[in-house]
Amino acid sequence: MSSGCSLLLVDDDEEFLEILVRRFSRRGMQVASASSAQAAIESASRHRLHVAVIDRSLPDQDGVDLMTDLHRHHPALRVILLSGHGDEPDIASARSRGAYDYLVKPCSLADLEAAVTKAYASLAC
């Protein structure tokens, strides 16, 4: 994984979020994290981001709506959505609104890592 990648992780499950932060930080990535949409927006205003992993169900905003908000300020941002539900209409809708990828929980950390690597590699940085 490239050490130049700046990653935003957004999930309201604090334990899961901490696992992700440790995993991606150990791989040399610059990692910011947030447990709410509002905190994610604040963090995004302070960082140049390449990839964001966003939980679909946040307490203060839907993850797809957060993705839309983040794209206003970071149009090239690659967003990977995580959801406990993976029905095709939801996935298609999220992709049509700008999601780079959509993974269904529980997904392996290896699959998530591969998705982040692929998303970062797709950028012309």
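This is a predicted model: local features need pLDDT of at least 70, side-chain atom pairs count only at pLDDT 80 or more; totals for chains, interfaces and linings use all residues.
The chain contains five helices and five strands. Read from the N terminus, these elements follow the order β-α-β-α-β-α-β-α-β-α. The chain has a radius of gyration of 13 Å, close to the value of 14 Å that the globule rule gives for 125 residues, so the chain is as compact as a globular protein of that length. The C-alpha trace spans about 35 × 30 × 25 Å along its principal axes.

Of the 125 residues in the chain, 44% are buried. Among contacts with a separation of 6 or more, 63% are made by residues 24 or more positions apart. The accessible surface of the chain amounts to about 6200 Å², and carbon and sulfur atoms account for 49% of this surface. As for charge, the chain carries 13 positive and 18 negative side chains. The centres of these two sets are 8 Å apart.

The relative accessible area of Met-29 is 6%; because buried means under 20%, Met-29 counts as buried. Met-29 can also be placed relative to Leu-7, from which it is separated by 22 residues in sequence. In space, the C-alpha atoms of Met-29 and Leu-7 are 6.9 Å apart.

Methods. Residues are numbered from 1 along each chain as its sequence is written. Side-chain values use heavy atoms; hydrogens and water are left out. Buried means under 20% relative accessible area, exposed over 50%, partly exposed in between (1.4 Å probe, protein chains only). Helices (H or I, at least four residues) and strands (E, at least two) are DSSP runs, numbered from the N terminus. The radius of gyration is taken over C-alpha atoms; the globule rule is 2.2 Å times the number of residues to the power 0.38. Contact means heavy atoms within 4.5 Å. Accessible areas come from the Shrake-Rupley method with a 1.4 Å probe; for residues, only the protein chains shown count as cover. Lys and Arg count as positive and Asp and Glu as negative; His and the chain ends are not counted. The place of a charge is taken as NZ of Lys, CZ of Arg, CG of Asp or CD of Glu.
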